[in-house]
Amino acid sequence: MKKTKVIVLNALLSAMGSALLCLGSVLGDLDLTFAAAASITVFWAALELGLKSASAVWLVTSLLSMMIAPAKFAPAIFMVFVGIYPIIKLVSERFRPLISWTIKIAATNVAVVILTLVWKFILFPSLDPAWWIYVAVLVLSNVTIIIFDYLLGMLAVLYFSKLKRKFKIFNVSGKK
């Protein structure tokens, strides 16, 4: 019974994340917001089921939304940046704070560089913005990820202090 509940919860979270990403790609101005909202499904899977399930939710949501979303920006941001960040956050927080933040910032910068290279050399090779735009994007991404990290931490506190008791139906660990 436990494996069945885990599979069902993974499927529900993947479907919810994919639906959010598709909705974000349809509502073009809110694509980053819906990508961040979809990453909460990965975070919840990590908190409730562990990193293995969270990785599965991230992978399935990424692939499914890349296949069915009309615009690919929100799914791409989810796949490379905000969708995998909850997993990076929980793994890196096993270390001391300085090492943890180094891992988080380095992962953010790698994701931004990957997205920038894809944008510059594959999607829009004819556009050539000034160098300071790349620096501004990198700085703003780091500031954004610090705020996002804080909000995920507050969400985890809220989940464990108030919400976990209300989701007894998804109690896969067998504990009350």
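The axes of helix α5 (residues 85-92) and helix α7 (residues 131-163) come within 11 Å and cross at roughly 75°. Helices here are DSSP runs of H or I with at least four residues, numbered from the N terminus; axes are lines fitted to C-alpha atoms over the stretch in contact, with angles from 0 to 180 degrees between N-to-C directions. Because 65 to 115 degrees counts as roughly perpendicular, α5 and α7 are roughly perpendicular to each other. In the contact (heavy atoms within 4.5 Å), Y85, P86 and K89 of α5 meet I145, F148, D149, L152 and G153 of α7. These residues divide into 5 nonpolar, 1 polar and 2 charged, where Ala, Val, Leu, Ile, Met, Phe, Trp, Tyr, Cys and Pro count as nonpolar, Asp, Glu, Lys and Arg as charged, and the others, Gly among them, as polar.

The model is predicted: local features need pLDDT of at least 70 and side-chain atom pairs pLDDT 80 or more, while totals for chains, interfaces and linings use all residues. Residues are numbered from 1 along each chain as its sequence is written, and side-chain values use heavy atoms, leaving out hydrogens and water.

S39 lies in helix α2 (residues 31-49). S39 touches P86 and F148, as well as F78, V82 and G83, not counting residues up to four places away in sequence. With a relative accessible area of 0%, S39 is buried (under 20%, using a 1.4 Å probe and protein chains only).

S62, in helix α3 (residues 51-68), is also buried, at 2% relative accessibility. Beyond four places in sequence, S62 touches F78 and M79. The side chain of S62 reaches the backbone oxygen of W58 at 2.7 Å.

Conventions:
Helices (H or I, at least four residues) and strands (E, at least two) are DSSP runs, numbered from the N terminus. Buried means under 20% relative accessible area, exposed over 50%, partly exposed in between (1.4 Å probe, protein chains only). Angles under 35 degrees count as roughly parallel, over 145 as roughly antiparallel, 65 to 115 as roughly perpendicular and the rest as oblique. A polar contact is a pair of N or O atoms within 3.5 Å; within protein, one must be able to donate a hydrogen and the other to accept it, and residues adjacent in sequence count only if both atoms are side-chain atoms.
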